[in-house]
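Visitor: I am new to this structure. Could you show me how to read a few of its features?

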Amino acid sequence: MDKTSVIFGNEIDKAVVKKAYKQQKKHLRKFGDDRNTQYHLAAVDNPVLTPAFGVKNLVLSKNPLETLPPKPIIIGNIRMGFGHYRISMAMASAARSMGYTPLWLDLNSFPETTCTKIIASQNELYSMGSRLSQKSRLFNKLYWEPLNSEGFKKITYNACDQAASELMTPLFNDLAKDIPYVATHVWPAQAAVHAGMKKVVNAIPDNWPMGLHLSEGALHTVQTPSCYWGYRTLRGMDGKNILKPMGENDILYTGHYIDHEMLCNIEEDCKKRIERAKNGKAIRFLLTIGGAGAQGEFFGGIIKTLLPYVKTGKAALYVNVGDYRNVWDKFLTAIPELARLKGDGKCTEHFENWEDTRAFAEKALNAADESCDGVHAFYHKDIFAAVYCTNVLMRACDVLVTKPSELAFYPVPKLLIRRVGGHEMWGAIRAGEVGDGTPECATVAEACSIAEKFINDSGYLCGMCGHILNAAKQGIYDGAYKVVKAAAER
């Protein structure tokens, strides 16, 4: 079905369509054409996610897909940074709690396929742009910010992606068309629709409506009311021109996409945070470095600011560098006091040992356990451990320090640093509306100042915990459950 020339009843300019298929032919020349290749899949255990919530990885196999476990649901995703993986984990966690077996289908994990080659190429460009945007203010102002806020917003951008995603369908040959399917990036959603999957949900990230995220034929879910309005009307996706809207059955407001484990413990975790703040215990800051490895300047400045408080027992510091060991090594080189703490045995490295990380997170959940104070660094080469590390530490931390991307929607007090891409600005705005995060800090000095406020005045942390509890009662964090339910009933 042609989804490039017409999108939700809106005809796309013929020049744009021609450009889209010219780009498709370029992909075929560069990456090969495997549309007639018969790929088979197998469901295998994942060492990190299977114990956590029963996830099975879908991998290539020489034999056709065997009988699937009862109540399967496919989580279609790609690794592009950490955000889409984290949202996928939230969906898998919710699905497991509802009796489903999540099947993990990462379209960026099959290097022999045209599909993965296209995605990997685009991912490399996006990661490079993200890092460069943090190094060059001119590049960020003149190119990166406009691209991420207005360039990706255009409905014509979607037309080009639709043509590319037509080449991603061979990986779906083994899958029954009526299996519930949740995509946490638009390409897996578009590819599934092109492949004839019947129960596709396109779980849209962020809080800024963009044509990039459209996948006609799927149910679009959004996390905020304002996002619902923007997508339903396709507002601003063709400049000042008013477009034909989506149908009522094409879109659903769900709330934030959050893991089941966090939601069922939200009251107890907030209670422990309030106790630590009011009783003068160390305030635990969790710094999480995203998949693009950007913003070292911000994190380095915050670490320098917090170390004196760590030494006096007023703060604790958890640093997850994901799968970027070099980021931690740079911190040790740039911050002599951090290196001295490591030399004195007061900075613990939890590297490449998932069981150790899990054990530390469980221990840290004890509000009175001061053995989890000090500095703790986390690095995992395995991508699943690298991403999920933040999730298991989040429950035990008091303040999450992050850019306003997918983590801006999580039910934990947040110090939000400068965005990477204009679309992320709206994540900070949403956190401000809910009351569970700070405004976006434009400078290192502002971020450091707010970090000190969390330490010196318990009202900031306790106030955010109160807003989190109120939001939870309103169902604002129930989005993942509603997405799974929508996919099953679609």
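Guide: Gladly. Keep in mind that this is a predicted model.

Visitor: How many residues of strand 6 are buried?

Guide: Buried means under 20% relative accessible area. In strand 6, residues 101-106, six of the six residues are buried, so the strand is largely enclosed by the rest of the structure.

Visitor: Which residues lie on each side of strand 6?

Guide: Thr101, Leu103 and Leu105 are on one side. Pro102, Trp104 and Asp106 are on the other. Both faces are covered.

Visitor: Which strands pair with strand 6, and over how many bridges?

Guide: Take strand 5, residues 72-77. It pairs with strand 6 in the parallel sense, over six bridges. Then take strand 4, residues 56-61. Two bridges join strand 4 to strand 6, and these two also run parallel.

Visitor: What stands opposite leucine 103?

Guide: Look towards both partners. Isoleucine 74 stands opposite leucine 103. Lysine 56 stands opposite leucine 103 too.

Visitor: Now a helix. Is leucine 138 buried or exposed?

Guide: Exposed means over 50% relative accessible area. Leucine 138 has 57%, so it is exposed. Find it in helix 5, residues 137-151.

Visitor: Which residues form a nonpolar patch with Leu138?

Guide: Leu142 and Tyr143. The three form a patch on the surface, with about 350 Å² of accessible area together.

Visitor: Where is glutamate 150, and how exposed is it?

Guide: Glutamate 150 is also in helix 5. Values between the two cut-offs, 20% and 50%, count as partly exposed. Glutamate 150 has a relative accessible area of 41%, so it is partly exposed.

Visitor: Why does glutamate 424 count as buried?

Guide: Check its relative accessibility. Glutamate 424 counts as buried because that value is 4%, and the cut-off is under 20%.

Visitor: What does the side chain of glutamate 424 reach?

Guide: The backbone nitrogen of valine 420, at 2.8 Å.

Visitor: Which residues is glutamate 424 in contact with, leaving aside neighbours within four places in sequence?

Guide: Lys403, Pro404, Ser405 and Arg419.

Notes: Residues are numbered from 1 along each chain as its sequence is written. This is a predicted model: local features need pLDDT of at least 70, side-chain atom pairs count only at pLDDT 80 or more; totals for chains, interfaces and linings use all residues. Side-chain values use heavy atoms; hydrogens and water are left out. Buried means under 20% relative accessible area, exposed over 50%, partly exposed in between (1.4 Å probe, protein chains only). A polar contact is a pair of N or O atoms within 3.5 Å; within protein, one must be able to donate a hydrogen and the other to accept it, and residues adjacent in sequence count only if both atoms are side-chain atoms. Contact means heavy atoms within 4.5 Å. Patches are made of residues with over 30% relative accessible area and no salt bridge: like charges are joined within 9 Å, nonpolar side chains (Val, Leu, Ile, Met, Phe, Trp, Tyr) within 5 Å. Accessible areas come from the Shrake-Rupley method with a 1.4 Å probe; for residues, only the protein chains shown count as cover. A salt bridge is a side-chain nitrogen of Lys or Arg within 4 Å of a carboxyl oxygen of Asp or Glu. Helices (H or I, at least four residues) and strands (E, at least two) are DSSP runs, numbered from the N terminus. Two strands pair if DSSP finds at least two bridges between them.
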